[in-house]
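Work through the exercises below with the sequence and the structure side by side. Try each task before reading its solution.

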Amino acid sequence: MKETLFIQVRYLVKSGSRDAFVAALARMRMAELSREEPGCLGYEYLLPVDAPDQVVLLEQWENEAAQQEHAQSSHFAKLMATKDEYLVDTQVKRRLVCEV
């Protein structure tokens, strides 16, 4: 049975801090390094035009294990360390799709 993990992360940034948060993500090369990881099928940041204090991350992984390895990476640790500086809240939705 093949499984694919989809994750949507909605970051609520401190008022007026979205550009600084996006710049920090770029300096960390978060998207590029994540896309290079084994099992990563997609990793994209989106900036909602109608929500200037939000950043949305869409992730797609071959399976739960691949995403768990990602969560142990040094670039993920750097992201976690910067959250207090830029973010008010983080909402995560996970969907595991299994093909039979």
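The exercises go from the whole chain to single residues, and the model they use is a predicted one.

**Exercise 1. The overall layout**

Task: Find how many helices and strands the chain has, and give their order.

Solution. 
- Step 1. Count the elements. The chain has four helices and four strands.
- Step 2. Read along the sequence. The pattern is β-α-α-β-β-α-α-β.
- Step 3. Look at the extent. Along the principal axes, the C-alpha atoms fill a box of roughly 45 × 30 × 20 Å.
- Step 4. Check the radius of gyration. A compact globule with 100 residues would have a value near 13 Å; the chain has 14 Å, which agrees.
- Step 5. Turn to burial. Buried residues make up 37% of the 100 residues.

**Exercise 2. An aromatic cluster**

Task: Work out which kind of pair Tyr11 and Phe21 form, and which kind Phe21 and Tyr86 form.

Solution. 
- Step 1. Recall the cut-offs. Ring centres must lie within 6.5 Å; planes under 30 degrees apart count as stacked, over 60 as edge-to-face, and the rest as tilted.
- Step 2. Apply the rule to the structure. The count comes to three aromatic pairs.
- Step 3. Take Tyr11 and Phe21. Their ring centres are 5.4 Å apart and their planes stand at 70 degrees, so this pair is edge-to-face.
- Step 4. Tyr11 sits in strand E1 (residues 2–13) and Phe21 in helix H1 (residues 18–28), ten residues apart.
- Step 5. Check their burial. Tyr11 is buried at 3% relative accessibility. Phe21 is buried too, at 0%.
- Step 6. Take Phe21 and Tyr86. Here the centres are 5.8 Å apart and the planes are at 45 degrees, so the pair is tilted.
- Step 7. Phe21 is in H1 and Tyr86 is in helix H4 (residues 74–86), so the pair ties together parts 65 residues apart in sequence.
- Step 8. Check Tyr86. It is buried, with 9% relative accessibility.
- Step 9. Tyr11, Phe21 and Tyr86 form one aromatic cluster.

**Exercise 3. Salt bridges**

Task: Find how many salt bridges the structure holds, and how exposed their partners are.

Solution. 
- Step 1. Count them. There are three salt bridges.
- Step 2. Take Arg29 and Glu36. Their closest N and O atoms are 4.0 Å apart. Arg29 is partly exposed at 39%, and Glu36 is exposed at 56%.
- Step 3. Take Glu44 and Arg35. Their N to O distance is 3.4 Å. Glu44 is partly exposed at 40%, and Arg35 is partly exposed at 37%.
- Step 4. Take Glu64 and Arg94. Their closest N and O atoms are 2.3 Å apart. The bridge links helix H3 (residues 64–70), which holds Glu64, to strand E4, which holds Arg94, 30 residues apart.
- Step 5. Glu64 is partly exposed at 27%, and Arg94 is partly exposed at 35%.

**Exercise 4. A buried charge**

Task: Find where Glu37 lies, and which residues it contacts beyond its sequence neighbours.

Solution. 
- Step 1. Locate the residue. Glu37 is in the loop between H2 and E2.
- Step 2. Look for a partner. Glu37 is buried but has no salt bridge. The nearest side chain of opposite charge is Arg35, 10 Å away.
- Step 3. List the contacts, leaving aside neighbours within four places in sequence. Glu37 touches Trp61, Glu69, His70, Ser73 and His75.

Note on methods. Residues numbered from 1 in each chain as written. Predicted model: local features only at pLDDT ≥ 70, side-chain atom pairs only at ≥ 80, totals over all residues. Heavy atoms only, no water. Phe/Tyr/Trp six-rings, centres within 6.5 Å; stacked < 30°, edge-to-face > 60°. Helix = DSSP H or I, 4+ residues; strand = E, 2+ residues; numbered from the N terminus. Buried < 20%, exposed > 50% of the residue type's maximum accessible area, 1.4 Å probe, protein only. Lys, Arg positive; Asp, Glu negative; His and termini not counted. Contact = heavy atoms within 4.5 Å. Rg over C-alpha atoms; globule rule 2.2 N^0.38 Å.
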